[in-house]
2 protein chains.
Amino acid sequence: MMDSQTNLTTELLLQAGVDLHLDVRGPKLGASLTDALREAVRSGRLKPGARLPASRTLAADLGIARSTVTESYAELVAEGWLTAQQGSATRVAERAPVRRSAAAAHGVPVRRRAHGLLPGAADFAEFPRAQWLTASRRALAAAPPDAFGYGDPLGRMELRVALAEYVARVRGVYAEPERIIICAGFHHGLALMAQALIVRGVGAVAVESYGLDLYRHLLTHAGLGIPALSIDEHGAVVDELSELAGVGAVLLTPAHQFPTGVALSPERRAAAIDWSRTTGGLILEDDYDGEFRYDRKPVGALQGLDPDGVVYFGTASKSLAPALRVSWMVVPDNLLSDVAAAKGGVETVSVLEQLTLAEFITSGAFDRHVRSRRQSYRRRRDQLVKALAQSAPDIRVTGMAAGLQVVLELPAGTEAWVVQAASRQGLMVSGMAEFRHGGRHPHGPRRDALVVNYSAVSDSAWPGALKALCSVMP
Amino acid sequence: MMDSQTNLTTELLLQAGVDLHLDVRGPKLGASLTDALREAVRSGRLKPGARLPASRTLAADLGIARSTVTESYAELVAEGWLTAQQGSATRVAERAPVRRSAAAAHGVPVRRRAHGLLPGAADFAEFPRAQWLTASRRALAAAPPDAFGYGDPLGRMELRVALAEYVARVRGVYAEPERIIICAGFHHGLALMAQALIVRGVGAVAVESYGLDLYRHLLTHAGLGIPALSIDEHGAVVDELSELAGVGAVLLTPAHQFPTGVALSPERRAAAIDWSRTTGGLILEDDYDGEFRYDRKPVGALQGLDPDGVVYFGTASKSLAPALRVSWMVVPDNLLSDVAAAKGGVETVSVLEQLTLAEFITSGAFDRHVRSRRQSYRRRRDQLVKALAQSAPDIRVTGMAAGLQVVLELPAGTEAWVVQAASRQGLMVSGMAEFRHGGRHPHGPRRDALVVNYSAVSDSAWPGALKALCSVMP
């Protein structure tokens, strides 16, 4: 099937730095040549004003009929790509539209902060590259041919089976694989759930009065109201749910409230379940960092108490890396079809990555990685607490029993000042105000505090970040 | 804050290979222990017949009252999870209701058709596993730490730069990396575009009168009207656009109409661009199999004619595998912010996979793979045409100049019969009726035809599938 003409053409164009696909063969030869030349002009490889070879020369070089070349030239002249004047060479038109260079537009280096201790980041240098690649190799080798197709819209069964075992063992979640839906991160899962809730006629989802704006936006954008529950030292004040009319669901972070870090108290957990059972309301449990618990009693997932009233959301973003864009939700039976419908009948999460994660979990690499990260994060937290106790003994540290962030309680009125002072030192931290719900705040005056994600930097950057943090404390 | 009891419990369970979450605390201590043990039995980690520690020993190990343990044991005995006989150890009941094994529930082999030549499938056994893994290894090794974070919501720049070069070179698309948005498949991209169109006040998107129901559903579900354009031997009859009121966009498959396989003629291409320029309407170009063209002159992307009026959609689903769930769209400048807003400010496509695909493209492995697949598919198509010419010379084969499917024109009134006859032979093929738009069909009677995806089976299954196909021709 070797075609010497094609090879010649290709070679010639390659020599000219033109790595074109040229399907030049048989009766379509002219059209291919036309396309190839048009493309060379468009991309800027043939510059405006550039002189083309005489048709006779090019035809001879390519070993094709001269008429083929002249017809191509004529077509491109007619289209405005080339110009030709009687008795002079054919040239690239001066006004031919040249494509902007991609490389030039992107030579800008990524802007870096000196130290960033903002929520959502993690010590990404610790991603277990070698172990992940091993899992990927095994998963690819074991994958049956159908694994390369469109996939089950709810997620690959290998991963759902692995996760069912994992969330039951580590988080006390009741999860048959059939009730697990794989999503592309918590944001994606929450978006699907919002659609399913709207289909069921839910008009509002209660949220915690401190949390990520991103999720509040998602809910309001979906058309849902978002009344707020107060937060105190026992977590979200779920008793307030009974005062809120028309609320069909509540979004909670029971294990480690984001960002205050408090755990929902046993009484509140029971009250939340009672509310769900009494009203038929749904609890959306965002278990974003459930794997990371240190010296306090572990708090199991709320879902274990009432698998029919709670939707459990877990993610690999904190335990492994956000870059994977894999999360999971465990959905009560009677919601499954609505959430599946919201997902649109088409898988959106890479099947190969799902298979790799399944292998990563079942091989034990995931547990080992989480354990190692947990030790490292605990060490950092202890260093932070110790350093602050020495340099700023009046600052109370809270929310530190679990998770990746702590809260530094500040004297009233100093939060904005401290955030700015830190910024001047090249240290990016979040003030509590960033996470405040725009709505009601029954608990009076705002709370001044910093939310410090101590997992956000590399080991080498950590001592400097910690020093900078201590230096800006009032 | 250190809690020696918890640590002890955790350690003990870890030693037993059981990394359980145990919510052992305060008044709920007994209940937590009960739950933990029940869950361990349910999940099969404590096997039927397994002996439990004496209550005295466990209580001492956990540092809790012995009565707490005996009460837990008693409760589980009452529930049937454990058995206890006077004077002998407490054991896991032999008949304990073991949770349905996920593996067993899913060990059912995927139901397989003898031969499936349905659109959307491909010869997935040909996925370049080794080359993909190589690209993955290189991408992981080269990835900077920030690559493991949440990522640019529009897609990783490495991939957008690689794709800008690729679509310009292979499909004649004008694409600066900034205008490329990475999506999780065409379905995802179209969903984002539908949202962006609605934000702009578009009420209807014209579609081709034959196409995939899935996409029509997506558009109507988003709230858009979907009037149909007729299809003839020159492709979609774009002149009909001027008769349709309130249409703000048109979804076309110009290179290889799906499923009829015709290419949009030059006149129609020009007319579509004219319509866009005159009315401000947007052309959505679904270039699903643009890489696969055989003996006809290549048809460049329509987008190249008017980058401001056309949104270009490409995908790795046909050229590589649907399992990757990676596609791309090239969006006019003035639509970029609306589409980005629809994507929700959060990346949904695996960043690691994006980096791997970028490496796969820039290393040349993608071009080599497509070339090899193209040769293989062309060979199959030629075999199909030849076999049909011998066994069913009256059947006209159309739409075969490109892509992965051909159309076999059938005598009027025979389509349903042939599809059924094929099914009885274990051969799954689609009749043209499957793809018909429910709306208007100005071109009179329905067209009887089979749509045959000859790329859908493995090399070993192909001869049998072809033979079965020939045998059911009327």
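**Close-up 1. B:Thr253 sits in the loop between strand E9 (247–252) and helix H10 (266–279) of chain B.** Helices (H or I, at least four residues) and strands (E, at least two) are DSSP runs, numbered from the N terminus. This is a predicted model, where local features need pLDDT of at least 70, side-chain atom pairs count only at pLDDT 80 or more, and totals for chains, interfaces and linings use all residues. Residues are numbered from 1 along each chain as its sequence is written, and side-chain values use heavy atoms, with hydrogens and water left out. B:Thr253 has a relative accessible area of 7%, so it's buried (under 20%, with a 1.4 Å probe and protein chains only). Its side chain makes a 2.7 Å polar contact with that of B:Glu208 (N or O atoms within 3.5 Å, one able to donate a hydrogen and the other to accept it; residues adjacent in sequence count only if both atoms are side-chain atoms). Setting aside neighbours within four places in sequence, B:Thr253 is in contact (heavy atoms within 4.5 Å) with B:Glu208, B:Phe258, B:Asp286 and B:Tyr288.

**Close-up 2. B:Arg169 belongs to helix H7 (residues 157–171) of chain B.**

**Close-up 3. Helix H8 (residues 186–199) and helix H11 (residues 336–343) of chain B cross at roughly 120°, their axes coming within 8 Å.** Axes are lines fitted to C-alpha atoms over the stretch in contact, with angles from 0 to 180 degrees between N-to-C directions. Among the residues making the contact are B:Leu192 and B:Ala196 of H8(B), plus B:Val339 and B:Ala342 of H11(B).

Key:
Chains are lettered from A and ligands numbered from 1 in the order in which they are written. Buried means under 20% relative accessible area, exposed over 50%, partly exposed in between (1.4 Å probe, protein chains only).
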